Amino acid sequence: HAVPLQTRKYHDKGSMPTNHRRLPDWFRQLPRPPKELGKVRRTLRELRLETVCEGARCPNRAECYSSGTATFLIAGESCTRDCRFCAVPHGASEPPDPTEPERIAEAARRWELRYVVVTSVTRDDLPDGGAAHFAAVVQALHALPGRPKVEVLVPDFKGNLNAADTVLKAEPETFAHNVETVPALYDTVRPAADYQRSLELLRHSSHSGALTKTGLMLGLGETETQLKETYHQLTEVGVSILTLGQYLQPTHRQLPVKRFWHPQEFDEQADAARQAGISIVIAGPLVRSSYLAERYYPKAG
C-alpha cells in the first residue's frame, strides 16, 4: 500500500508521485537502487513476471532484497476496480496463466528467497476472485527446497469466505489483506470496497488460525480519533501485524496527499496501535505493506 501497485506501463514514462517536489525533508534522501537490481530485472524479463518492488519502484528494495524478501504481483496487470489511490490500469484481464506459479517458484529459487510475498490485482471477474491461483502459487513455493515462507496479500474476494478458505488451506505462513484507510474515507478512497467486508475477511483468517496482517495509508485525510477507532476494530478481529505508511500520489489522476505525517507522528501512531492490542506494528513514512516482512514474521509467530 501507500505507493500503490503500478506496472511498467506507468514507470516507463518516468512516473513519480506528482507531488515529489514538495516532499518533506525526511523524503529527500531515498535509498540508492540495490546492487541486485540488474539481476532482478533480468530474471523478471526471462520469466515474464511482475513484482510490486519493481512495479512501484519501492524505496525499500535494497533492504528487502538483501534480506531475502520479494513481493510478486500475480493474476494479470489490470484490475477490475478503480480505487482512487492506485494507478494500476483498470479493465479486463486474461485468465490467470497456469504456468505463473512455477515461474514464480523458479524466481524464488534463483534469488534464494527465504520469505516470499504474493499479491494480486483484484479479479472480481473470476468466480473465486483468483483464490485458486493464489493457492497454486503458495503450493509451488512451498515445494521448493528449504520451503520458503509465504505471505499472501489478498483482495477481499467480494466477501466470499469460501474463496478465502481456498487460500488458507494452502497454509501460507501469513495471511494479509489491507484495509488501506479508515472507514469514513472508503466512499472517497475505495468506492468499490467495503470496510466491514474487509474486517470480516480478517476475522475469518484469524479465527481459522492464520497469522493475520493488514495495512493502512496515512495522509488521505484521516484523523487521529478515526485511526485509534480503527486500531481497536482491527484488534477485535484478530489482526496481529499492522503496517502504517505515508500515502504518496502516484499520478495527477489519483487523490492528492492531504497531509504528510512526521516520522515522530508515525511512532506515536505505532504506540497507539500497540496500546489497542496489535502485537506487531511497523510504522514510518517509507513503510509499505510487505516491508521487511520476513523480519517481523518470527516476532509475531
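# Helix packing and salt bridges

User: In which helix is His 207 found?

Analyst: This is a predicted model: local features need pLDDT of at least 70, side-chain atom pairs count only at pLDDT 80 or more, and totals for chains, interfaces and linings use all residues. Residues are numbered from 1 along each chain as its sequence is written, and side-chain values use heavy atoms, leaving out hydrogens and water. Helices (H or I, at least four residues) and strands (E, at least two) are DSSP runs, numbered from the N terminus. On that numbering, His 207 is found in helix H9.

User: Is His 207 buried or exposed?

Analyst: Buried means under 20% relative accessible area, exposed over 50%, and partly exposed in between (1.4 Å probe, protein chains only). His 207 has a relative accessible area of 62%, so this residue is exposed.

User: What distance separates the C-alpha atoms of His 207 and Gly 238?

Analyst: Along the chain, His 207 and Gly 238 are 31 residues apart.

User: How are H7 and H9 oriented to each other?

Analyst: Helix H7 (residues 161-168) packs on helix H9 (residues 195-207) at about 40°, with the axes 11 Å apart. Axes are lines fitted to C-alpha atoms, for helices over the stretch in contact, and angles run from 0 to 180 degrees between N-to-C directions. Angles under 35 degrees count as roughly parallel, over 145 as roughly antiparallel, 65 to 115 as roughly perpendicular and the rest as oblique. H7 and H9 are therefore oblique.

User: How many charged residues are in the contact of H7 with H9?

Analyst: Leu 161, Ala 164, Asp 165 and Leu 168 of H7 make the contact with Glu 200, Leu 201, His 204 and Ser 205 of H9 (heavy atoms within 4.5 Å). Ala, Val, Leu, Ile, Met, Phe, Trp, Tyr, Cys and Pro count as nonpolar, Asp, Glu, Lys and Arg as charged, and the others, Gly among them, as polar. By these classes there are four nonpolar residues, two polar and, for charged, two.

User: How many nonpolar residues are in the contact of H10 with H11?

Analyst: The axes of helix H10 (residues 224-236) and helix H11 (residues 263-276) come within 8 Å and cross at roughly 40°. On the H10 side are Glu 224, Leu 227, Lys 228, Tyr 231, His 232 and Thr 235, and on the H11 side Gln 269, Ala 272, Ala 273 and Ala 276. Three of these residues are polar and two charged, and the nonpolar ones number five.

User: Which residues in H10 meet H9?

Analyst: The axes of H9 and H10 come within 9 Å, crossing at roughly 40°. From H9, Tyr 195, Leu 199, Leu 202 and Arg 203 take part; in H10 they meet Thr 230, Gln 233, Leu 234 and Glu 236.

User: Which residue forms a salt bridge with Arg 109 at 2.6 Å?

Analyst: A salt bridge is a side-chain nitrogen of Lys or Arg within 4 Å of a carboxyl oxygen of Asp or Glu, and a search of the whole structure finds 11. With closest N and O atoms 2.6 Å apart, the partner is Glu 106.

User: Which residue pairs with Lys 213 in a salt bridge?

Analyst: The N to O distance of this salt bridge is 3.0 Å. The pair joins strand E6 (residues 211-218), which holds Lys 213, to strand E4 (residues 149-153), 62 residues apart. Lys 213 is buried at 4% relative accessibility, and at 2% so is its partner, Glu 151.
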